[in-house]
Every structure is written in structure tokens, then in C-alpha cells.
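Please look through the following model from its overall make-up down to individual side chains. The paragraphs after it take up one topic at a time.

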Amino acid sequence: FKASEDLGNGLTAFAQITLDTDAINGANNTINQSSEKDSKLGLKGGFGTLVMGRMETLSEGAVSSMMDDGGALESPLITGFDRYDAIAYVSPTVNGLHAAIAGTTNGDAITTTDKDGDGMFQHIDFVVAYDNGPLSVKVARADIDAADNSTANYDVTTIAASYKIGALKVSAMNVEKDFDDTTADLGDDIYRLDYTMGNNSILLGHRSHDAGTGGTSNDLTSLKLTHKLSARTAAWVGVRDVESGADQTHFGMIHKF
């Protein structure tokens, strides 16, 4: 559920609360506040946007989402982040350029293993984005403080770009996870092509995963066809070739109310 209110003088207040239900498994067929969904409130105006609540990291919501094929093509180095309780600020856009920064408010995890509980701004996440015409470039960095003076602390740096040429859109992203100790660093390179033909679109993507010394590679190739039944309704079918797991077939329909 989303709400917004015009406060005048160029200010708008907004809020969002997300509930979910499992309509398939009867034992869980209840509506609950989910810690895995966005629930937040904020204020926006000429100064930018200020928002607080439970939300995605900027690295995932603003950058890695560029590669999302509906659940698998994004980098697991980023999608492994939980939603977190945070305060975030997004600057106004000037000549296509804007920036955002967020910090946790309770020391709770960006990932389920990073629950140090030290309080305000234990984890910091920021992004710089440039969008102008067919070109989009985004750079993000998440500074994860797993524990005070811990060698398990790490940074995740993400660089993504896309360019649209007529009906074709080309996208690429690089993700690097760098540990403070001697743990082998990890990385992902992801590429995606989107081609639109009237009411049909084709997505072809590939993720190459560097699991470090002794790690298990997790390369993945995704092919997805989407057909727009109307302006608000679309159906899709897709296949994914997974190197270190079972191949996947997925299909579904989405309607925007």
C-alpha cells in the first residue's frame, strides 16, 4: 500500500507498507508484515528525497536491478543482502546526475550473518548515477562492517552501464567483493541484451561468477520472452541454464492495477 500527500511549497510526504500472504501453503495462509519487503516513509522536495524505514540496499535497488530477469540474473553478491532498517538521502538530479547514500539505523544485518548490533550507520551504502538519453551509468559501493575490528568486514563495489540503440538495449555490470582479511575476493560479470518487437520483447543475459580459490563457479545464462497483452498486463516464459545447479523454466503473468 502506498500513499502520498502534497504539503505545499514543493514538499510531498509519502509512505509505503508491504504485507504478504502465502495463498498456496495453508499452514502459512496469513497476512504478516514481512521483513523482506519495503516499508518506509519519507519527504521529497527541491532538496531531494529523505526516506527511512526497511528497504533494499542502494546497490541492489538502484544498480543490480538493471540486470534482473525476474529472479536469477542479478549478482548473488548483492541479492544476498537482506533489506535493512536505514535512513537514506537521494539528491536532486542535475544534468542527468544524482547521488544517494544510506546507512543502517539499528546495526541489524545487511546480511543475516552480520548482526553485530552496534547501532547507527554500522553499514554504509552509496550510489552515483548518470542518466541522459540512451546512456545510463551507475556506480555503487556497500561498506559492510560485520563486527568491530573483524577481518570478515568487506566492501562490495558495483559498476553498471546500459545503452539503447533503437529497439536494442545493451547492458553490462561488474561486481567486486573485497574482504579485509586474506579471504579470496569474489566477483561477477553480467551482460544483458533486450530487444523489443511491438508487443514482444526478448531478454538474453549471462552471468559469469568468480568464486575465488576453491570456490564453486555459478555461471548462468538466461533467455526470456515477454508478450504485452495490454498496457497493464504481460505474460512471460523463460529458461535458465545454470552451471552449478538444476536448469530452470519459469513462466507467469503480471497485471498492474
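Predicted model: local features only at pLDDT ≥ 70, side-chain atom pairs only at ≥ 80, totals over all residues.

Is R192 buried or exposed? R192 is buried, with a relative accessible area of 13%, where buried means under 20% relative accessible area, exposed means over 50%, and partly exposed lies in between, as computed with a 1.4 Å probe and protein chains only. The side chain of R192 meets that of D194 in a salt bridge with an N to O distance of 2.7 Å, a salt bridge being a side-chain nitrogen of Lys or Arg within 4 Å of a carboxyl oxygen of Asp or Glu. D194 in turn counts as buried, at 16% relative accessibility.

Residues are numbered from 1 along each chain as its sequence is written, and side-chain values use heavy atoms, with hydrogens and water left out. The predictor's confidence in each residue, pLDDT, runs from 0 to 100; the chain averages 83, and 79% of the residues score at least 70. Over residues 112–117 pLDDT stays under 50, and for this stretch the model has 18 contacts beyond four places in sequence, contact meaning heavy atoms within 4.5 Å.

The secondary structure comes to 2 helices and 17 strands, assigned as DSSP runs numbered from the N terminus, with helices (H or I) of at least four residues and strands (E) of at least two. Of the 257 residues, 34% count as buried, and among the contacts with a separation of 6 or more, 41% are accounted for by residues 24 or more positions apart. The chain exposes about 14000 Å², of which carbon and sulfur atoms supply 56%; accessible areas come from the Shrake-Rupley method with a 1.4 Å probe, and for residues only the protein chains shown count as cover.

Beyond four places in sequence, V175 touches residues including L77, I78, V156 and L186.

D69 and R240 are both buried. S222, in strand β15, is in contact with D69 and R240, and also with L73, L203, L204, G205 and V239, leaving aside its neighbours within four places in sequence. S222 is itself buried, with a relative accessible area of 0%.

Another salt bridge links D85 and R54, whose closest N and O atoms are 3.2 Å apart; D85 lies in strand β7 and R54 in strand β6 (residues 48–55), so this pair ties together parts that are 31 residues apart in sequence. D85 is partly exposed at 23%, whereas R54 is buried at 16%.

On the surface, a nonpolar patch with about 950 Å² of accessible area is formed by V170, L193, Y195, M197, I202, L204, L223, L225, V237, V239 and F251. The elements giving it two or more residues are β13 (186–197), β14 (200–210), β15 (220–228) and β16 (233–242), and the largest share, 3 residues, comes from β13. Patches are made of residues with over 30% relative accessible area and no salt bridge, like charges being joined within 9 Å and nonpolar side chains (Val, Leu, Ile, Met, Phe, Trp, Tyr) within 5 Å. M197, in strand β13, counts as partly exposed at 40% relative accessibility.

Two loop residues complete the picture. N9, in the loop between β1 (2–8) and β2 (11–16), has a positive phi of about 55° although it is not a glycine, and N9 counts as exposed at 84% relative accessibility. N95, in the loop between β7 (84–90) and β8 (97–104), has a positive phi near 55° and counts as exposed at 69%.
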